[in-house]
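Here's a quick briefing on the model below. Have a look at the structure, then read on for the main points.

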Amino acid sequence: MLTAHMLGKQYKTEWALRPLTLQLGTGLHGLLGPNGAGKSTLLRLFAGMLAPTTGDALLRGSSVRDFRRNGGRIGYLPQNMRVLPQFTARQWLLHAASLQSKASLKERMLIVDDVLEQVNLRSEADVPARSYSFGMIKRLGVAQALLSASDLLIVDEPTAGLDPEERIRLRRVLAEAAATRVVLLSTHVLGDIGASCREVIVLGRGRLMYHGSTQGLAGFAEDRTWAWETSENEWRRMPLDGLLSARKTDEGILCRALSERSPSPFAQRVEPTMEEGYLALMGHQDHQEAGGLF
Ligand SMILES: Nc1ncnc2c1ncn2[C@@H]1O[C@H](COP(=O)(O)OP(=O)(O)OP(=O)(O)O)[C@@H](O)[C@H]1O
């Protein structure tokens with residue numbers, strides 16, 4: 001449904017995104033990668049807001065930029081969205097709907113009621129945005145993006161700075177929206193992806209590193225994720241190379257590490273998490289580029 005065909009973006013001599021080819025169907029797709037990996041560039045290319053240097057992004061077979069020019073609507077929530085504080089959510093969305101649609105006021109009010117319900121903001125819909133929490137502003141942003149997201153909804157780091165409860169709420173909103181459309185969610189919070197996405201795209205330094213299932217991503221750390229219990233004293237002397245986590249337990253410290261060889265006589269191989277797979281994949285890139293072995 002949404003396709004990137006040799007889609008790439010270059011600024012002067014630097015590739016923000018090297019040409020990549022992808023196909024995404026209905027559902028929630030996570031986009032991961034470190035700072036500067038090219039995530040926002042890819043999202044803006046998919047949203048038709050940026051002209052590609054190579055290839056194209058196609059939505060239902062037409063270029064996303066033609067799709068927009070011909071009145072097709074793509075919902076896009078940028079990283080830093082702003083709302084005028086004197087507006088209520090309802091006023092803000094009615095205004096946004098009036099810019100996008102020739103529907104009557106009555107029809108627009110029904111559409112706005114529907115998106116307010118979807119993001120769980122109906123009870124606060126008539127309160128000025130100045131009294132909204134950060135999470136409520138984000139949900140309002142998603143509501144605004146939903147107004148125009150008939151086929152495609154793109155959200156750039158919507159959960160940054162949210163408390164766990166708001167994150168769960170927002171993830172639920174996105175999962176519901178993904179039942180009937182392609183939803184692309186860019187985030188630095190790996191938990192957001194593991195909890196809600198079946199598919200994940202990983203970018204690293206402008207390159208496509210991985211596209212597939214979350215289990216497939218965990219597979220990059222298969223056979224080299226180790227766990228063992230150690231004392232606090234030993235843990236203090238331990239080299240940090242490859243150490244993924246260290247958690248205090250009643251018996252001591254539970255360590256997990258990524259390593260080709262056993263990091264301790266007591267270490268046992270364990271099932272890696274998606275996060276560990278991601279770290280293994282990104283570490284692999286660093287080592288490849290440094291010309292070393294991993
Ligand atoms: N308008 C621009 N002009 C020149 N370089 C740019 C421009 N926009 C982005 N870049 C560069 O392209 C690369 C990718 O940027 P992008 O914003 O897509 O990364 P990102 O993965 O979204 O990063 P972050 O997680 O920090 O938001 C970066 O090196 C960035 O400096």
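Just after helix α1, Gly-48 takes a positive phi of about 75°. Helices here are DSSP runs of H or I with at least four residues, strands are runs of E with at least two, and both are numbered from the N terminus. Keep in mind that this is a predicted model: local features need pLDDT of at least 70, side-chain atom pairs count only at pLDDT 80 or more, and totals for chains, interfaces and linings use all residues. Residues are numbered from 1 along each chain as its sequence is written.

- Of the 8 residues of α1, 7 are buried, so the helix is largely enclosed by the rest of the structure. (A residue is buried if 20 or more other C-beta atoms lie within 10 Å of its own, exposed if 12 or fewer, and partly exposed in between, with C-beta atoms placed from the backbone.)
- The buried residues of α1 are Lys-39, Thr-41, Leu-42, Leu-43, Arg-44, Leu-45 and Phe-46.
- Helix α1 (residues 39–46) also gives the most to the shell around the ligand, with 3 residues.
- The residues around the ligand are Tyr-11, Ala-16, Gly-33, Asn-35, Gly-36, Ala-37, Gly-38, Lys-39, Ser-40 and Thr-41.
- By class, that shell has 3 nonpolar, 6 polar and 1 charged residues. Here Ala, Val, Leu, Ile, Met, Phe, Trp, Tyr, Cys and Pro count as nonpolar, Asp, Glu, Lys and Arg as charged, and the others, Gly among them, as polar.

**The core**

- The largest nonpolar core has 74 residues, and Phe-46, Ala-143 and Ile-154 have the most contacts inside it. Such a core is a set of buried Ala, Val, Leu, Ile, Met, Phe, Trp, Tyr and Cys residues joined through C-beta atoms within 7 Å.
- Helix α5 (residues 134–147) supplies the largest share of this core, 7 residues.
- Both domain 1 (2–213) and domain 2 (219–290) put at least three residues into this core.
- Leaving aside neighbours within four places in sequence, Ile-154 is in contact with Leu-43, Phe-46, Ala-47, Ile-74, Gly-75, Tyr-76 and Leu-184. Contact means that the two C-beta atoms, placed from the backbone, lie within 7 Å.

**Domains**

- The domain assignment gives domain 1 (2–213) and domain 2 (219–290), with bounds that come from an automatic or database assignment.
- Their C-alpha centres lie 35 Å apart, and the contact takes 8 residues from domain 1 and 6 residues from domain 2.
- On the domain 1 side, α7 (190–196), β9 (199–204) and β10 (207–213) each supply at least two residues.
- That side of domain 1 has 6 nonpolar, 2 polar and no charged residues.

**Whole chain**

- The chain has 10 helices and 14 strands, and its C-alpha trace spans about 70 × 45 × 30 Å along the principal axes.
- Buried residues make up 38% of the 294 residues.
- Among contacts with a separation of 6 or more, 68% are between residues 24 or more positions apart.

**Arg-65**

- Arg-65 lies in helix α2 (residues 64–69).
- Why is Arg-65 partly exposed? Because 19 other C-beta atoms lie within 10 Å of Arg-65.
- Arg-65 and Trp-228 are 163 residues apart in sequence and 53 Å apart in space, C-alpha to C-alpha.

Conventions. Near = placed C-beta within 6 Å.
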